[in-house]
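Good morning, colleagues, and thank you for making time for this presentation.

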Amino acid sequence: MGMYRHVMLLHCYFASSFLCTAVAFVEEPVGGRSDGYCGRILRAQTQGTRKEGHHEFRIRVEGDPASYQPGSTYRVVLLATSPSYFRGFTLIALKEGREGTVDDDYIGQFQNIDEEDTQFMTNCAPAMTESTPRRRTRIQVFWTAPPTGSGCVIMKASIVQKRVIYFQDEGSLTIRLCEKGNVTPAMECCACGTAKYRLTFYGNWSEKVHPKDYPRRANHWSALIGASHSRGYVLWEYGGYASEGVRQVAEFGSPIKMEEEIRQKGDEVLTVIKTKAQWPAWQPLNLRAAPSAEFSVDRTCHLMSFLTMLGPSPDWNVGLSGEDLCTKECGWVQRLETDLIPWDAGTDNGVTYESPNKPTIPQEKIRPLTSLDHPQSPFYDPEGGAITPIAKLVVERIARKGEQCNVVPDTIDDIVADIGQEDKEEDDTPETCIYSGWSPWSACSSATCEKGRRMRQRMLKAQLDLSVPCPHTQDFQPCMGPGCSIEGKNRNTLKCKFSLTGPLHILEYNIYQKNLLCMLSPWSDWSDCSVTCGRGLQTRQRMLKSDPAGCSEELEQMEKCMLPECPADCMVSEWSEWSECNKSCGKGHTIRTRMVKLEPQFGGRACPETIQRKKCKIRKCRTKEGSRGAVGGAVGGQRRRRGKQGRDSVAEEQSGCRMQPWTAWTDCTKPCSGGIQERFMVAKERDKGAMAVGCKDRKEVRACNVYPC
């Protein structure tokens with residue numbers, strides 16, 4: 001019979017009386033077969049009596065997700081509700097239905113955040129535990145989700161409070177997470193024909209919903225960029241690295257490189273999806289319609305991805321990655337509506353909206369932002385709650401074409417003969433140019449059956465980058481006069497229907513033609529000012545209703561506009577260091593100051609306090625009982641006769657020594673914002689028998705020039 005190792009854990013808790021029960025008693029053959037220390041931990045935790053309904057401790061995955069995204073990294077927090085605390089813990093993640101007896105039972109990968117708090121357990125590498133046993137109320141670690149197809153995860157924690165161990169198979173110390181979407185491997189799309197969708201983006205990022213540090217003056221959404229594509233192309237994904245195109249959208253809001261990358265994928269992409277930028281980020285829908293775009297999908301390109309930056313920000317975006325619009329019933333999704341939370345592109349280290357540029361080197365993986373990323377983050381929540389969504393996306397099917405093969409009958413009859421080729425027409429309009437809609441087409445420049453042109457116009461509402469020109473305010477199409485059609489045109493109709501001969505008739509025709517080419521509409525009303533406060537620009541336009549050849553009339557005018565000045569909040573400097581105590585003994589005070597760098601203007605926030613005081617006491621002032629006699633009386637009488645001025649100028653007598661009068665105050669160390677002055681009293685003569693401590697030189701300190709610079 002071999003030797004056995006005995007493992008025993010004691011489960012103790014307080015109720016009306018102290019109660020301890022043996023949780024587990026495990027015998028392991030030393031040197032024989034063993035499933036390792038991890039297995040013993042699990043059996044120790046899962047055998048014996050448990051305490052039901054215990055909620056002083058809980059495990060939480062930040063954001064409280066209902067599922068995990070394969071490859072994504074999450075912050076896992078272990079919390080104790082006040083006044084409870086714990087000294088130790090064990091944290092593991094298992095495949096659902098497994099017992100943890102073999103290495104393959106464990107899933108995902110933990111990672112230390114603070115090595116002073118947490119470490120991997122000795123002899124049980126997949127488990128996390130405390131670095132040193134001490135009193136604590138929370139710990140946090142990272143956990144990276146397993147790859148696609150891994151199934152559900154059971155995350156368990158045990159808590160050690162002195163010799164008390166709490167563990168639950170269900171409740172606050174156990175969490176079950178399953179893979180987002182289908183846990184089965186992705187299957188090929190079996191839908192038939194094509195479908196057309198309209199994507200509408202509703203931004204909800206506003207000062208009312210997300211008030212912390214909200215950037216009032218420059219908030220916006222960048223141009224939205226995306227595509228309908230096949231499984232062979234990935235625009236972006238959690239756990240992946242941002243391409244150069246994604247980086248430029250995330251950091252600068254520029255979709256140009258991203259669109260170039262998309263178009264280079266050829267047959268992997270069916271439609272490029274684009275909407276214009278939105279300045280400001282939020283406006284009521286009755287003032288500005290939500291931006292939308294249409295796109296198509298087919299059996300090969302049935303996924304949809306997009307992204308758009310919230311600005312200003314370091315590299316924060318919202319979007320969808322590889323959203324499948326093909327159903328398992330071989331049909332097309334009718335409607336998709338989803339809330340969007342921001343994610344980090346992993347290319348910039350900033351933690352606030354307006355953090356200075358600081359590239360992340362080496363580049364990190366794309367991950368969702370969380371409420372525990374950094375205390376200065378605008379989304380920070382010390383409890384690790386879910387971030388309030390900052391946008392919503394609605395995708396609606398608006399048409400289908402071709403023979404459909406869906407197993408389940410569709411409730412919407414939207415089959416059409418043809419789906420518009422919205423993706424065939426190239427639009428090379430710069431994304432930094434914001435236009436109005438197109439006007440109706442003008443009359444044809446030809447009054448006969450000769451080929452002419454007609455025109456439409458749109459107004460330039462905003463030019464976000466003055467270095468990038470904004471063309472394409474006019475568009476032309478070939479046309480013919482009333483009663484003619486290009487289809488019925490033949491060689492004989494190349495002649496003019498009427499004949500003009502002689503120099504006079506030629507002149508008349510030329511005048512008629514010139515007047516026709518310069519037909520102009522009246523000027524439009526002046527547009528709204530381009531800003532909501534301060535100085536801006538406003539424009540007005542008129543349309544050219546005929547061929548622009550030979551017409552040099554002005555079509556757009558611009559003038560300055562002035563609205564009430566923008567509020568400017570008070571700005572103050574950082575606090576200065578605390579000054580020295582103004583007394584060398586006894587009770588005194590010390591001060592610190594800060595400067596007003598900018599006074600509030602036009603209704604901006606008032607300035608906070610600029611001076612703070614606090615008490616200080618260096619040491620007790622020493623007095624000698626024996627000196628309260630004649631010398632003390634003489635000095636006291638002298639003080640009473642001469643008052644304060646006399647006190648500063650007459651030598652003070654102490655037992656065994658005589659002092660010089662106080663010196664004048666030194667110059668202030670600062671011209672403003674709080675400095676200090678000093679004065680001194682030194683011993684005039686010392687009796688031979690006097691103690692050195694009674695004849696020490698004295699110093700006094702006081703604050704000066706405390707007004708702000």
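Predicted model: local features only at pLDDT ≥ 70, side-chain atom pairs only at ≥ 80, totals over all residues.

Let me start with Arg458 and its surroundings. Setting aside residues up to four places away in sequence, Arg458 touches Thr429, Tyr435, Ser436, Gly437, Trp438, His472 and Thr473. Arg458 sits in the loop between strand S27, residues 452-457, and strand S28, residues 460-463. Is this arginine buried or exposed? Arg458 counts as buried because its relative accessibility is 15%, and the cut-off for that term is under 20%.

I turn next to a charged residue within a strand. Glu396 is located in strand S24, which covers residues 391-401. Which residues does Glu396 contact, once neighbours within four places in sequence are left aside? They are Lys196, Tyr197, Arg198, Gln334 and Arg335. A further relationship concerns Glu294: 102 residues separate Glu396 from Glu294 in sequence, while their C-alpha atoms are 9.5 Å apart in space. With a relative accessible area of 32%, Glu396 is classed as partly exposed.

Of the contacts joining residues at least 6 apart in sequence, 67% link residues at least 24 apart. As for secondary structure, the chain comprises five helices and 40 strands. The chain has 709 residues, and 41% of them are buried.

Lys615 is exposed, since its relative accessible area is 79% and the term applies over 50%.

Most residues other than glycine have a negative phi, and most peptide bonds are trans.

The peptide bond from Gly311 to Pro312 is cis, and its omega is near 0°. Pro312 lies in the loop that runs between strand S19, residues 303-311, and strand S20, residues 316-324. Ile361 and Pro362 are likewise joined by a cis peptide bond, with omega about -5°. Pro362 is in the loop between strand S22, residues 343-344, and strand S23, residues 367-368.

The other two concern phi. Asp213, a residue other than glycine, has a positive phi near 55°. Its position is in the loop between strand S14, residues 194-203, and strand S15, residues 220-221. Asp213 is partly exposed, at 48% relative accessible area. Cys330 is also a residue other than glycine with a positive phi, in this case near 65°. Where is Cys330 found? Cys330 is in the loop between S20 and strand S21, residues 335-340. Cys330 is buried, because its relative accessible area is 15%, and the limit for buried residues is under 20%.

To close, I would return to two of the residues discussed. Thank you for your attention.

Definitions and conventions. Residues numbered from 1 in each chain as written. Heavy atoms only, no water. Buried < 20%, exposed > 50% of the residue type's maximum accessible area, 1.4 Å probe, protein only. Helix = DSSP H or I, 4+ residues; strand = E, 2+ residues; numbered from the N terminus. Contact = heavy atoms within 4.5 Å.
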